[in-house]
Every structure is written in structure tokens, then in C-alpha cells.
Amino acid sequence: MRSSERNTTLITAVTLAVAALGAWGAINSYLVSAAYSQQYPDAYGGDRAQVRFTPLTAKIPASAELGYITDLDPSQPAYAPAFLSAQYAVAPRGLATVNAQTRPEFAVGNFSRPSDFAALGEAHGYAMVQDFGNGVILFHRL
Amino acid sequence: MNVLGVIALAMTIASGWFLARALTRNAWKGPRWTGLLAELSIGALFGPGLASILYFFLVAAKAANRASVMVTLLALLAGSAALWWRISGAVEQKGVKQAAEPARAFRLTWALWIGVAVALIFFTLDFQAASSANPAGEWDAMSIWNLRARYLASGGDLWRRAVSSDLGGNMAGAAHPGYPLFLSGFIGLQWSAEGGLESGFEASVPIAASLLFATSALILLGASLASRRSIALGLLAWLILLCSEVFASQSAAQYSDLLQGLAFLCALVLLEAAADRADARLLLAAGLAIGLSCWIKNEGLPFALAALAVSAWRFRLRGIVSVGLGALPGFLTLAVMKLFFVHGSEAVFPSTVGEAMAKIAGAGRWWQAALGFGKAVYDAGNLWTHPVLLAALLAIALGFVPAKERRARLWLVIPIAATAAAEYSLYLVTTADLNWHISTSVSRLVAQLWPSLIWFFFLMLRQPEETIEPELEPVAVRSGPSGKRKRRGGASLN
């Protein structure tokens, strides 16, 4: 086989291989993505948070700064996702963790399990105003 | 997305296209469709970029509402269209025609088209599956880009929350007050056009933006190569990007990284075209892309500075003036935002030089960061369809352009290398846990550079059309004084 023929054969083979493998790579990417999406719909909790917080946001002005009270400890892996999705759901209202320096007039409770929400609010200096279900509570500063 | 949102989006894209068409008129050599696709994808950077800048100033002046946004977009569209009209008229008056070079045929182009079509279908399905599962986007979409867009579109002083360090509940790395506002501004302006707070911040707006920027980066990669080098190379580049997991997985994330990748690629494509023919308009367009690249993410700044430096070296004083003028909108807006509006700083930067030096001195961090980048490249695709593997096969089969041409094009990699070096350096000095920082960001950094790296690789690769001997073709010859042509069979290498 002449060198130019070998070169032509190699180019033909590689071109066809890249066309096939490139397409297969995209198909494989879709299969992985579709399976992941099916297994973990709303993996980041954005949609769930929107649904849970909508009744509360309807009662609070858009300009409000809200405190944040939760039963999750900041060291728990679930803490950051819960806070960030709540922050997105209540925006443009501000959201800040309640502490000695930050005590807005209203606070949002974002709880992961049923509990005595009124007592948890009082521990932070807030009185429970309304329970919206799904662990979402509106508190008012005492 | 309501009707006004669609109109706002259409006006933004159309204004970008007019601008790209006006400024890049002489850049495209290949078939007409390649130039058209390249213009549209460059327009998808220019239009939204300039619109987000105008929107930022409207927001800062507390004047952003449905009416002001629509009037502003109309003015942008009218201005861009007028510029295009004027330039195309001037060119026609001078009798200058855009010469389309005849495309040489590669006999396996059909196979590449089939591969690209299949890959494109599954890329679209991939995007649809990911967007349906997470309409609000991934983490940073919710906690940074779309969140800030909500603040911008809410009217009054609420936009200042977008540039406040109070976001994220004081968690490390959760607040990014200094991040530029291209993407958030572009999404915010559409939400404002839809009615702002009352519109309910429709999720379809950031989804459409994500699709626009991902497909534009994809289209520009292949179309620019197809236009300026060869159709076969353009198709091969599309295949390599479409099988890149690092690209596909980011396309529906609603992040700024693929937009950043589009800006990097756009700047490089235009710089390369400008080097080919010293055209002030092309240099202006390259400058615009360079300036907009630093209005997207902080990583755009080292790229922009490096691109300006190589432009000064390559195009001398006259050229750098054009590039600098083009870059002004992006640079100035970023400076205004950072100097006058941002509160606080990034939590991951060391507060003193001593702290930074102590971190740099840790040899383990150098390895850790290098391994992080290595792993991200490894994860960029699957084993047998890995883009690096496919690129290596192409390099073996096609080979590279002659050394002289390689050296002549090498300067184009400098902005990419400078950006990669800056990103690597950030890992060396970050105050956040290095493992966490690398694992949560390195694949996105690679995604920013990926389209440009593929483009640069194909710029260095020989064209398949060059490597295959021409097939025997009938050759037309002049026969006799009548000038009639007869056909004869035979080989010709000319």
C-alpha cells in the first residue's frame, strides 16, 4: 500500500470514527442526564422551595428584610441548600440568619421536621404568626 | 415567557446581529451560511451584553420599568440597524464585495453532517431533560445569577441587594457582591419587560438565556472554523464539543460559565480574523467582545487584560486604539459597578499579602490544584468518546499546519493561558477549604475555556481537504476561437 493510500485510509477511518463516536458521546451524555433527571427531579430544591414559600411571600412586602430560623445546624450538609433555596424563593425579600446583631421585624421559619415551632421561635425572640404547612412558619419579633 | 418578554429577547438578539453584521462584514470567507451563523452567534454576545449594560444604568438610576426597558431596547435596535445600514451602504458605494472563497469538498462531509445532526438532536434532548428536572437551574443559578436578576428586576433600591455581601446568610463563598452582572442583567431586563415583580419571575427566561448562550458558543465554534478554514474542520469541531460532557452538563445549568466561554471564543475568533486583514471595524468588534468578557465573571478580567496586551503587541498603536474603544463599554461598566456600588468583597480572597504568600508556599496546594484541573479534563467526556481522545486521533490522522503557520497563530493562545494561570493562582491563595473550592468550581472553569481550546486546536490542525488527493475530475478546456468549452476526462492536480 502506498503512503498516500495509507494516509487516505487513515483519514477516512478516523473521520468516520469521530463522526460516530462524537454522536455517541452526545447520546451517552443525554442518557446519563435523562436518568439523573428522572432519579433526582428538582435536585437543588428550587421548585419545592417556591411552592412551599409562595403562601408566605404573598403576605410580606417585597422590600422586607426577613430573619431566618431553622432546626438545621449550620454544620449539617442540608443547611446550606435549605437556606439558599429559601433565599431564592422569598427574593426580592432579603433573608438573614437571626442572631444578636440581626433581628428583623419578621422572620421565616424553615423546618425540616414537625416540632414545637412556637417554642423554637421564642428561643430566638420571635412569636409565631402563622403556620403555612410544609415546615414554613412566619414569626414576628417579640 | 409573556409576549413582551419575547419581544425584548428578539430585539436584543436582533440588535446584536445588526451590530455583528456591521462590524464583522469582511471576516467571513466560506459559504454564506457559515458567515451568517457566525454573525448570529457573535450577535448573541453583543446584543445581550450591551442591553445588560444599559439595563444596569437604568436600574442604578432607579428608572428600570417595563416602558423604559422597551424604549431602551428599541433605541439599541435602531442604533445597531442604522450602523449596519450605513456601513453596508458605504461598502456598496465603494464597490467592495465580500469575496466568498470557494469551498473545497471533502468527500466524507456527509458523514460528519449526519454525526453533527444526531449529536445536536441529543444535545437538545439533554438540555430539555435537565431544564425540565431543574427549571430554576443548578446551585449557583439559584444562589447567584437568577437571584441577583430578581433583585435587579424588583425596582427601587431593592437592586442593591444584588451587590451586597449580606447574601447567603454569611456562609463562606455564598455571597459574591463583586461578580459582574451580564447574565443577571440580561435576565433581569426581560423580567422587567414582562412587568417586574408582578410578572412572577418566569423560569422560562433564564432557561432561554442558558440555551441561547450554550448554542451560540457551539455555533460560533463550528461556523467560524467552517468559514475561515474548512467546512470539514467546522463539523469536526462541533462533534468534539457536542460529545464533551463538560459542555453538555453546563448547558442547562443557567450559569455564566458558557456565556464566559462564548465571550472568550468570540474575542479570539475576531482577533484571528483581524490579524488576517487589518480592519478597524473587526478590531472594534474584538474589543467589544474583550470588554464584555470582563462584564460576565471575574475570570474575564485576566483574559481581557491579556487579550489587550497581545492586541497592543500584534496590532500596534493604531490597532489597540480600535480594540480599546470597543472594550470601553464592558470595562467602564465593570469599573463603575465595582467602585461605586459593590459592598464588601469576595470571602475567598486572602486579606493580606502575608496570608496569600503563606498559602502559595504550601507545595501540596500546587499539586492539589493541578490534580483538580487534570481530573476536570478527565471528566470532560466518557472514556471511548472522550473529546481529548477524538482530538488525538484527528491530530494523528490529519497532522498539524506547518511550523511557520503554527508559530504565526501561537499568540492567540496567550489570553487562554493567562486565564488558566489566573484560575490556577486563585486556588493557590483561596481562603476556602481547597478541596471544596476545587470540587465545586473547577469543571466550570474548564467549561469556560473548553470551546476556545477546541477552536485553537482546530486552528492548528491541517484541513482534511488538504490531505486527500483530488479525485479525477472532468476538466473544462477552451477549444478553438469560438470559446466553446468541451469536457474531457483526466486528472489535474492544479
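The exercises concern a predicted model, and each one treats a separate topic.

**Exercise 1. Confidence**

Task: State which scores the model has, and find where in chain B the pLDDT is below 50.

Solution. 
Step 1. The model as a whole scores ipTM 0.93 and pTM 0.92.
Step 2. For chain B the mean pLDDT is 89, and 91% of the residues of chain B reach 70 or more.
Step 3. The stretch with pLDDT below 50 covers residues 475-494 of chain B; beyond near neighbours in sequence, this stretch has 20 contacts in the model.
Step 4. Where pLDDT is low, predicted coordinates should not be read in detail.

**Exercise 2. Domains and the contact between chains**

Task: Describe how chain A is divided, and determine which element supplies the largest share of the side of chain A that touches chain B.

Solution. 
Step 1. Chain A has a domain 1, residues 1-41, and a domain 2, residues 46-141.
Step 2. Between the C-alpha centres of these two domains of chain A the distance is 49 Å.
Step 3. Chain A contributes 47 residues to the contact, and chain B contributes 54 residues.
Step 4. On the side of chain A, at least two residues each come from helix H1 (3-39), helix H2 (46-57), helix H3 (79-90) and strand S2 (94-97). The largest share, 26 residues, belongs to H1(A).
Step 5. Sorted by class, this side of chain A holds 28 nonpolar, 17 polar and 2 charged residues.

**Exercise 3. The sheet of chain A**

Task: Give the order of the strands in the sheet of chain A, and identify the edge strands.

Solution. 
Step 1. The sheet is open and consists of 5 strands of chain A, in the order S2-S1-S3-S5-S4, with mixed pairing.
Step 2. S2 and strand S4 (126-131) of chain A pair on one side only, and these are the edge strands.
Step 3. From one strand to the next the twist averages 35°.
Step 4. Strand S3 (residues 106-110) and strand S5 (residues 136-141) of chain A run antiparallel and are joined by 5 bridges. One of the pairs is A:Asn110 with A:Val136 of S5(A).
Step 5. S4(A) and S5(A) also run antiparallel, again with 5 bridges. Here A:Gln130 has A:Leu138 in S5(A) as its bridge partner.
Step 6. S4(A) and S5(A) make a hairpin with 4 residues between them, and A:Gly133 in the turn has a positive phi of about 80°.

**Exercise 4. Buried or exposed?**

Task: Decide whether A:Gly121, B:Thr34, A:Asn134 and B:Lys62 are buried, partly exposed or exposed.

Solution. 
Step 1. The cut-offs are 20 or more other C-beta atoms within 10 Å for buried and 12 or fewer for exposed, with partly exposed in between.
Step 2. A:Gly121 is buried because it has 24 C-beta neighbours inside 10 Å. This residue is in helix H4 (residues 117-123) of chain A. Setting aside residues up to four places away in sequence, A:Gly121 touches A:Ile69, A:Gly109, A:Tyr126, A:Ala127, A:Met128 and A:Phe139.
Step 3. B:Thr34 has 22 other C-beta atoms within 10 Å and is therefore buried. This residue belongs to helix H2 (residues 32-60) of chain B. Among the contacts of B:Thr34 beyond four places in sequence are B:Trp28, B:Ala223 and B:Gly234. B:Gly234 is 200 residues from B:Thr34 in sequence, yet the C-alpha atoms are 9.3 Å apart.
Step 4. A:Asn134, with 14 other C-beta atoms within 10 Å, is partly exposed.
Step 5. B:Lys62 has 12 C-beta neighbours inside 10 Å, so this residue counts as exposed.

**Exercise 5. Backbone exceptions**

Task: Locate a cis peptide bond in chain A, and find where the residues A:Asn134 and B:Lys62 lie.

Solution. 
Step 1. Most residues other than glycine have a negative phi, and most peptide bonds are trans.
Step 2. The bond from A:Ala91 to A:Pro92 is cis, with omega near 15°. A:Pro92 is in the loop between H3 and S2 of chain A.
Step 3. A:Asn134 is not a glycine, but its phi is positive, near 55°. The loop between S4 and S5 of chain A contains A:Asn134.
Step 4. B:Lys62, also not a glycine, has a positive phi of about 55°. B:Lys62 lies in the loop between H2 and helix H3 (66-93) of chain B.

Key: Residues are numbered from 1 along each chain as its sequence is written. Chains are lettered from A and ligands numbered from 1 in the order in which they are written. This is a predicted model: local features need pLDDT of at least 70, side-chain atom pairs count only at pLDDT 80 or more; totals for chains, interfaces and linings use all residues. Domain bounds come from an automatic or database domain assignment. Two residues are in contact if their C-beta atoms, placed from the backbone, lie within 7 Å. Ala, Val, Leu, Ile, Met, Phe, Trp, Tyr, Cys and Pro count as nonpolar, Asp, Glu, Lys and Arg as charged, and the others, Gly among them, as polar. pLDDT is the predictor's confidence in each residue, from 0 to 100. Two strands pair if DSSP finds at least two bridges between them. Axes are lines fitted to C-alpha atoms, for helices over the stretch in contact, and angles run from 0 to 180 degrees between N-to-C directions.
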